[in-house]
Amino acid sequence: MKKFIGILSAAAAIGLAGCQNMPGQAAAPAPQAILAGYTCCNLHYEGDWISDANWSSLPMIPAGASIKILGYGRYRVNAEIDGRKMRLGLDYGRQQPLEEWARKLVVQDDPRQQIARWPAPIRDATRAGKVAIGMSKQEVLVSLGYPPAHQTPSLDASQWKYWYTGFGSFLVVWDGAGRVKDVIADPQTRFAVLYERK
């Protein structure tokens with residue numbers, strides 16, 4: 001009898017193991033990473049909300065703030081930034097995986113150290129959350145954040161589209177060397193986002 005029960009137990013274990021990998025059956029989702037580090041770039045917020053549109057007219061959390069991902073929801077990332085609970089929303093660029101987007105926002109090296117080594121006009125523009133003619137792509141990413149992926153699916157594009165408000169957008173145009181050649185926008189938006197050395 002003991003031998004019979006042992007055989008049944010072994011068969012059940014083999015059967016269950018086989019069921020875990022049956023063809024056509026979806027695998028259990030991998031746990032999403034709980035990341036911690038620094039904000040990659042200047043992030044703009046309204047209340048406790050940060051959208052991937054990152055409207056630059058809103059108040060700003062500077063690049064290099066401490067950030068920890070607390071969890072994930074549907075197109076949402078819950079985080080703590082400089083000790084404050086915040087919600088980050090993948091509102092527009094939803095063709096990219098949520099965790100991939102989160103990994104762009106959380107970096108391991110403090111960008112403030114990098115910013116401190118940049119030339120004064122670039123450093124000042126970045127600290128103001130603006131774009132300056134001649135900036136590199138990396139400098140623009142730190143200053144303005146990542147452009148929403150639904151309008152700029154590739155960072156190799158000749159221009160990146162950003163939003164100043166929900167209705168006012170602007171284009172950062174690159175030259176052949178990967179430097180900012182121009183900013184295209186209505187006059188009011190261009191004045192607000194383009195850094196002019198005083």
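**A first look around**

Analyst: Let's start with Arg127, which is exposed, with a relative accessible area of 51%; buried means under 20% relative accessible area, exposed over 50% and partly exposed in between, using a 1.4 Å probe and protein chains only. This is a predicted model, where local features need pLDDT of at least 70, side-chain atom pairs count only at pLDDT 80 or more, and totals for chains, interfaces and linings use all residues. Residues are numbered from 1 along each chain as its sequence is written, and side-chain values use heavy atoms, with hydrogens and water left out.

User: Leaving aside neighbours within four places in sequence, what is Arg127 in contact with?
Analyst: Met60, Ile115 and Ala116, where contact means heavy atoms within 4.5 Å.

User: And how far is Arg127 from Pro62 in space?
Analyst: They are 7.2 Å apart, C-alpha to C-alpha, though 65 residues apart in sequence.

User: New topic: how many disulfides does a search of the whole structure find?
Analyst: One, a disulfide being a pair of cysteine sulfur atoms within 2.5 Å. Cys40 and Cys41 form it, with their sulfur atoms 2.2 Å apart.

User: Are those two cysteines, Cys40 and Cys41, buried or exposed?
Analyst: Both Cys40 and Cys41 are buried.

User: Which residues have the most contacts inside the largest nonpolar core?
Analyst: Ile50, Tyr72 and Val77, in a core of 23 residues. A nonpolar core is a set of buried Ala, Val, Leu, Ile, Met, Phe, Trp, Tyr and Cys residues joined through side-chain atoms within 4.5 Å. There is also a second, separate core of 22 residues, including Phe170 and Trp174.
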